[in-house]
Amino acid sequence: MDLIAPLARRQLVVVTGKGGVGKTAVAAVLGRCLAARGRRVLVVEVDPRENLHQMLGVPPTGGEILRAADRLWVQNLKPRQVLDAVVRERLKVELLVRRVLASPIYHHFSEGAPGLSELAILGHALRLLRGLDADAPELDTVILDAPATGHGIRLLASPLLVSEVIRNGPFADMARELAAFLADPGRCGLVAVTLAEEMPVQEVLEMRQALAAQVRREPELLVVNGLYPPPPQDDKDGKDDPLAALWRRRRRLNERELARLHAEWRGPCAELPQLPLDRGPALIAALERRLEEGGAGWS
């Protein structure tokens with residue numbers, strides 16, 4: 001089953017899930033997959049710690065857009081920079097721009113208004129897709145490595161929230177436009193990432209319900225990451241090595257939670273194995289091959 005083809009038709013792909021489940025690695029893998037299929041892709045990370053660049057083998061971006069491979073770029077996003085860019089784009093007159101950006105009212109507004117930071121993240125993706133940033137490459141798809149589950153849901157719900165709070169002006173216009181964009185499954189796709197463990201599985205199932213209730217969308221793809229391989233056989237004396245026993249327990253846990261997911265999750269699901277590779281391009285390339293093969297996990 002080709003799990004990538006539906007996502008390759010989207011302009012924006014939002015990757016979210018519980019912290020620590022490998023969202024950033026999956027976002028990098030999807031970026032490589034879509035670039036290999038001819039899409040011009042930017043993978044955007046919203047985390048000040050900057051982890052994405054390690055996955056793709058480039059230096060820290062410092063907020064800039066860096067080329068990582070053919071048709072593939074990476075960026076660590078600072079939401080405040082996006083809000084400032086919106087002000088510059090809408091006001092145009094430099095004197096007015098400087099006054100607004102220096103205003104304590106604007107600083108308070110940009111840092112404290114509910115949903116505004118999330119709106120800036122989504123607005124940045126839309127501006128890039130429309131070619132409004134002269135310094136950015138022409139793009140077909142933006143993959144957003146979104147914040148962890150709760151924040152990710154808030155990110156996707158923010159356009160509606162902002163449009164209810166702010167009725168006029170550039171941010172209100174942006175909110176309405178983004179709400180329509182996110183609601184269109186032909187342009188925006190959602191990818192949920194989890195581990196086959198009790199808490200991450202419960203959280204991703206709850207996230208699915210929250211997305212349906214708050215955003216009226218469901219993920220197009222579920223990625224179950226970090227599956228343990230089948231354990232080794234008992235040793236010749238019939239006694240398990242302690243590490244082998246631990247291995248078996250983790251595998252049994254994976255199998256139990258996979259069964260729960262398969263019973264409750266309807267829709268495409270990819271399973272990616274835990275591999276003995278350090279974080280970096282070699283790991284991402286290996287996971288890319290697995291995902292292109294149908295994401296069957298360990299056999």
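**View 1. Aromatic rings in the predicted model.** Residues are numbered from 1 along each chain as its sequence is written, and side-chain values use heavy atoms, with hydrogens and water left out.

**View 2. Arginine 208 and tryptophan 265.** The charged end of arginine 208 sits over the ring of tryptophan 265, 4.5 Å from the ring centre. A charge sits over a ring if NZ of Lys or CZ of Arg is within 6 Å of the ring centre and within 35 degrees of the ring normal.

**View 3. Helix 7 against helix 8.** Helix 7 (residues 116-129) packs with helix 8 (residues 149-165) at an angle of about 105 degrees, their axes 8 Å apart. Helix 7 is therefore roughly perpendicular to helix 8 (angles under 35 degrees count as roughly parallel, over 145 as roughly antiparallel, 65 to 115 as roughly perpendicular and the rest as oblique). Axes are lines fitted to C-alpha atoms, for helices over the stretch in contact, and angles run from 0 to 180 degrees between N-to-C directions. Helices are DSSP runs (H or I, at least four residues), numbered from the N terminus. Leu116, Glu118, Leu119, Ile121 and Leu122 of helix 7 meet Arg154, Leu155, Ser158, Pro159 and Val162 of helix 8, contact meaning heavy atoms within 4.5 Å. By class, this contact of helix 7 with helix 8 has seven nonpolar, one polar and two charged residues.

**View 4. Helix 8 against helix 10.** The axes of helix 8 and helix 10 (residues 198-214) come within 10 Å and cross at roughly 15 degrees. Thr149, Ile153, Leu156 and Ala157 of helix 8 make the contact with Glu203, Met207, Ala210, Leu211 and Gln214 of helix 10.

**View 5. Helix 8 against helix 9.** Helix 9 (residues 170-183) and helix 8 pack at an angle of about 140 degrees, with axes 8 Å apart. Helix 8 and helix 9 are therefore oblique to each other. In helix 8, Leu156, Pro159, Val162 and Ser163 meet Phe171, Ala175, Arg176, Leu178, Ala179 and Leu182 in helix 9.

Note on methods: This is a predicted model: local features need pLDDT of at least 70, side-chain atom pairs count only at pLDDT 80 or more; totals for chains, interfaces and linings use all residues. Helices (H or I, at least four residues) and strands (E, at least two) are DSSP runs, numbered from the N terminus. Ala, Val, Leu, Ile, Met, Phe, Trp, Tyr, Cys and Pro count as nonpolar, Asp, Glu, Lys and Arg as charged, and the others, Gly among them, as polar.
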